[in-house]
Amino acid sequence: MKLKTQVFLSFFIVILVPIILSVVLLFGIVLFQAKRLSTQYGIDVTNLPGEIKILIVDIVFCMVVILIITAVVLSLWVYSGVSTPLDHLTQATREIRDGNFIRELCEVFEEMRVQLKNANEEKIEVDRQNRELISNISHDLKTPITAVKGYVEGIMDGVADTPEKMDRYIRTIYNKAIEMDRLINELTFYSKINTNRIPYNFSKVNVQGYFADAAEDLETELAAKNVAFSYTNTVPADVTVIADVEQMRRVISNIIGNSVKYMDKPVKKIALNVRQSGSEVEAEIADNGRGIAAKDLGNVFDRFYRTDASRNSGKGGSGIGLSIVKKIVEDHGGRVWVTSREGEGTEMHFALRIYEENPDAVSAPSERTVPGNEKKNSKKSGKKARNRK
């Protein structure tokens, strides 16, 4: 007899036999009580109406059927609890016998090995990028610090013996300090990118006013670096976007700084062109630098990517400026891309969605406003407008 049959019969007998005995005992009690009634009270139960006898028989029959069904259900339930694990064990034993289990086990271990390998390679890459960042920042900080030390020593030794030399030395020291501050801020911002903790203060910004103010600042800044600057804005005066004015200023600054860094023409030129393109405002920052090779265009926004490591090491830069640009623009719900021609120049583009006053529209994540920003921005724009007058 098979194990399944033995288990089923064992549970069936263990449950059914006590139930049958209980029914027999109950039937015996009924007969005993009937005989007692007949003896004590003179009631002849044998002369009861036929309908009552049939009712008693039906009740007893129903009780027996219910008890049998209950016994069968309980037996099946207990049997399934025992047989299912046994079936799984039997199937696993057969798989081991046929070699299938070993193959599946090897496949699982291979998947685990690949996952561990990928995780380890990712960790190695992150460590490499962090080491490269530290190396770049250290190099970029060492250069201005060395210059500052040299000019300070010149002042202390009396080399700057005229007011003109003194003024030039102090201005150089100041510019180098600004450069170091920029590098430190960039490193701090990079750490915020890694932890997704970039502080945004979104507000409604007028495109004409904002880019006009930015162009005024850029013109002064680039003139000090002997770079010719031009600005055009064909966006209607009432067009607005939702943006963080400080972070978008960082975007423009990073792009401009990257353009200036790699210019190789005797006459350096940078142009900021703002236009409306469908439902977006597109800003283009074009330069006449050395350009970017076609094979590198798809990687310029990658973190730590350098189109020419030897050239960049001489120019300075942490290698994360354009990756910060991409992160900020995408957090604004916009997009960024680049076009370039080697030897002619590069155009960096970024686009933001135009804000529309529609209460039924679904608010984008970039449409958050911070109370007081609108007032602050309007005051700033008004102040610069008065200065231009």
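Reply: Leaving out residues up to four places away in sequence, Tyr231 touches Gln208, Phe211, Ala212, Ala215, Leu272 and Val274, where contact means heavy atoms within 4.5 Å. The model is predicted: local features need pLDDT of at least 70, side-chain atom pairs count only at pLDDT 80 or more, and totals for chains, interfaces and linings use all residues. Residues are numbered from 1 along each chain as its sequence is written, and side-chain values use heavy atoms, with hydrogens and water left out.

Tyr231 lies in strand β2 (residues 227-233); strands are DSSP runs of E with at least two residues, and helices are runs of H or I with at least four, both numbered from the N terminus. Its relative accessible area is 26%, so Tyr231 is partly exposed (between buried, under 20%, and exposed, over 50%, with a 1.4 Å probe and protein chains only). The C-alpha atoms of Tyr231 and Glu219, 12 residues apart along the chain, are separated by 9.0 Å.

Phe211 in turn touches Tyr231, Asn233, Ile252, Leu272, Val274, Ala283 and Phe350, again not counting residues up to four places away in sequence.

As for helix packing, α6 (residues 245-261) and α8 (residues 321-331) pack at an angle of about 150 degrees, their axes 9 Å apart. The axes are lines fitted to C-alpha atoms over the stretch in contact, and angles run from 0 to 180 degrees between N-to-C directions. Helix α6 is therefore roughly antiparallel to α8 (over 145 degrees). Residues making the contact include Met248, Val251 and Ile255 of α6 and Leu322, Val325 and Ile328 of α8.

Conventions: Angles under 35 degrees count as roughly parallel, over 145 as roughly antiparallel, 65 to 115 as roughly perpendicular and the rest as oblique.
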